[in-house]
Amino acid sequence: MKILVCLKQVPHQDARLDIKSDGSWIQEESIKFEINSYDTYALEEALRIKDEKEAEVVVASIGPDRTTQALRTALGMGADRAVHVNDESVEGSDALAIAKILAAIGKEESPDLVFTGLMADDGNFASVGPMVAELLEMPHATAVMSASLEGEKLIAERELEGGALEVVELQLPCLLAVQTGINQVRYASLKGIMAAKKKPLDTRSAADLGVQELVGTGAAKIKVQEIYVPPKTQGAEILEGSTTDVAEGLVAKIKELGLL
Amino acid sequence: MADNLYINEDLEALRTEFNRFVVNEIVPQGDNWEEQGHVPREVLQQMGTLGFLGLRHPEKFGGLGLGPLSSAVFAESLGASTYAGFEVTVLVHTDMASPHLIHSGNDDQLERFMGPIVSGDCITAIAVTEPAAGSDVAGIQSTAKKIDGGYVLNGSKTYITNGVHADLLIVAARTDGDNPRGLSMFLVKSDNPGLSVSRALSKHGWRSSDTAELLFSDCFVEDADLLGTPHKGFYEIMKNFQNERLVLSGMAVGASQKALDITYDWTQTRKAFGGVLFDKQVIRQRLAMLQARLDASRQFLYHCGWLMEQGVDATREVSGLKAVSCELVNEVMYDCLQFHGGLGYMQEATIERMARDARILPIGGGATEVMLEEISKRSYR
Ligand SMILES: Cc1cc2nc3c(=O)[nH]c(=O)nc-3n(C[C@H](O)[C@H](O)[C@H](O)COP(=O)(O)OP(=O)(O)OC[C@H]3O[C@@H](n4cnc5c(N)ncnc54)[C@H](O)[C@@H]3O)c2cc1C
C-alpha cells in the first residue's frame, strides 16, 4: 500500500517571532524551523502502518530550501521518499492553493491513505486536510485520535468536545487529519539521518504539477492584509474597598457611562 | 541554514535530534537521577540505540565515524539539559574514556569492546587522578607490576566519573620504576575481584553523575588488557586531552546559553518597581555583555572543533577555549542566579542546580591555571 504524508515546516516553538516591518509575515531569516507538531504525529501514524505491513511512505512538503531539513528528518525517521515543492511563485498562496498543490501530488501518487496534521502550528487554518480530501474526492476524518486498517476500510476515532470519541468507518482511499499527542513520535536514529541523504528527494515546481495558474498571491482568494500584535489596553480601573463599596462604585460607574 | 560556518547540514540534522531527545527524555527525569546519584542504564542504552554513543567511533563497530565537530555539537546540545551530571555521565563515556581505545587499542581489544561501547551495554570510565596526583599526571603512584601472563595493579584512584557504574575502566599506573612519565594504561573490567569501590563520593554539583574512589589491591590484569605501548601511557593519556577539553567547553557553552535564556524569561516576567526586572538597564546590559562574550566563545568552540578536524595541533587554542568558556559559564551562573533573587538560592530553581554544576568546569579536565600555562608556553617566540 502507499501512504502519502503531507507535512509543513513551521517556526520552532522556541523561536523568537518578530513581525516584518511591512506587517506581511514574521521575520524568517534568522530563526529555526521544525516539522509542524501535528504532522509529526501524522508521520508516526503512517510509519506504524509501515512497521506492520508492506507499505511505501511518501512525504510531501511545500516551502523554500530550508524545507529539505524537515523532509530529511522524515526520511531519517523511516519515510521512503520525499517530494519537495520548492517554487517562489507559490509564495502568498492561501489554504486552497496549498491544497491544490498537494492534491496534484496526490493525483500523481495515487495513495491508498493520505495523512495530514489537523492544523499548522503557525497559520492555524485547519483547512488544508479536508480541502485535499475534497479535491481528491476521498472521504476524510479530522481530529483523528487513532487509525486502524481493516481490509479495504479504515476505522478512525475522532475527538469530540468534552473528551468523547466518535468512531467512524472510511472506505479507502481516504484522508486523515491527525490530532497531536495520539502516539509517541519516534526519534530518527543518527544512522537513519545520515542514510536519509541517499533516499530519493524529488524537487518539483508548480508548473511541473500543472498548478502554476492556481497558486501564489495572484490566485489567492484570501489575502493577508496585516499581521500585528494587538496593543496592550490601558486604563482599567480597579475598584477597591468593602464589597458594598465596590458594588456601589460599580453601579455608579455603569450609570455614569449610561449603560443602563 | 546552519548558524555558523563550521556546521554542515548533517551536523545540523543531528543537533535537531539531540535537542529533541534532551527536551523529551532528559529534562522530565533529571530530578530523579539527581536524587539517585546516577543515570539509569536504560537511558544510556536508548542513546546507544539511536546512535548517540558512537558519533566518533568507526562505522564497522556501529558508529558514525564523524569528527570532533560532532562532539562539539553533541556536548553543546547536552549542555542545555540543565542536568550536567547526566551530561558528563555520557560525555565521559563517549569522549573522555572510550576514545583511548580508539587511539591505543589493538584489533582484539577493539573487537571485544567497541560494539558494546557504542550500544551502551558497556559503559566506560577513565581513571587517572589519584589522591596525591591530579593536575600533575606524572605524580601518579599506583603501580602495575609485570608478572607471568599479565600485571598486578596496586593503588587508589579518586574522583572517577562513572566509577561506580561503569563496566570497563581505563586505568593509568606506573610500570617503569622511577621514570616520572613511565606509565602504562590498562583495561580493567568492573567485575575484577582486585578492584573495589571504596567510596561513592557526594558532590557539590553534578549530582546525577556517579563519582568514585577506587581501590586496586593485587588486581590482576591479563597481558591482553594492556592498552597501548608499555611505559608510554603518559603520552597516550595526553592524546585525548584536547578532545576532553573540547566537550567540557561544549557543555559550558550549552549551559551558559540555557541559563541566559532562563534568566531572560524570568527578568521579563518578574515584577518590581512598577515594571519588570528587565526594564532595569543595569540588568539588561549585564546580560547583554554575557551574551556577547558567550557568542564569541561559542564561535571559538566550533573553530577549535574545526582545527582539530583538520588534524593540526590546536593545544593553544583548545586550552584557551577551555579557560575562557569554563570561567565564563561561572560568571553567567553568578549573574543569572543573582537576578533570580531569593528564588535563585532555592533548590527548586533550575538556576540553583546549574550554578552548582558549573563550578567544576574550571577545575576538572585541566584547571584554568593549567590551561593558561599551556597557552603561555605556546604564545611567545
Ligand atoms: C566531579 C569530578 C569528576 C572527575 N572525574 C574524573 C575522571 O573521570 N577521571 C579522572 O582521572 N579524574 C577525574 N577528576 C579529577 C580532575 O581531573 C582533577 O580534580 C583535576 O585534574 C585537578 O586535580 P586536583 O583535584 O588533584 O587538583 P590539584 O592538581 O591539586 O590542583 C588544585 C588547584 O591548584 C591550581 N593548580 C594546579 N596546577 C597548577 C599549575 N600548574 N599552575 C597554577 N595553578 C595550578 C588549580 O587552581 C587547581 O584547581 C574529576 C574531578 C571531579 C571534581
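Tutor: Domain bounds here come from an automatic or database domain assignment. The model is predicted, with local features needing pLDDT of at least 70 and side-chain atom pairs counted only at pLDDT 80 or more, while totals for chains, interfaces and linings use all residues. Residues are numbered from 1 along each chain as its sequence is written, and chains are lettered from A and ligands numbered from 1 in the order in which they are written.

On that basis chain B falls into domain 1 (9–119), domain 2 (124–230) and domain 3 (240–377), and 22 Å separates the C-alpha centres of domain 1 of chain B and domain 2 of chain B. To their contact (C-beta atoms, placed from the backbone, within 7 Å), domain 1 of chain B contributes 24 residues and domain 2 of chain B contributes 21 residues. On the side of domain 1 of chain B that touches domain 2 of chain B, at least two residues each are supplied by helix H2 (30–36), helix H5 (84–97), helix H6 (99–104) and helix H7 (107–119) of chain B, where helices (H or I, at least four residues) and strands (E, at least two) are DSSP runs numbered from the N terminus. H5(B) gives the most to that side of domain 1 of chain B, namely nine residues. By class, this side of domain 1 of chain B holds 11 nonpolar, 11 polar and two charged residues, with Ala, Val, Leu, Ile, Met, Phe, Trp, Tyr, Cys and Pro taken as nonpolar, Asp, Glu, Lys and Arg as charged, and the others, Gly among them, as polar.

Chain B also meets chain A, in a contact that takes 12 residues from chain B and 11 residues from chain A. Helix H1 (residues 9–26) of chain B provides the largest share of the side of chain B that touches chain A, seven residues, and that side of chain B is made up of seven nonpolar, two polar and three charged residues.

Seven bridges join the antiparallel strands S8 (residues 153–159) of chain A and S9(A), and Ala156(A) has Val168(A) as its bridge partner in S9(A).

Note on methods. Two residues are in contact if their C-beta atoms, placed from the backbone, lie within 7 Å. Two strands pair if DSSP finds at least two bridges between them.
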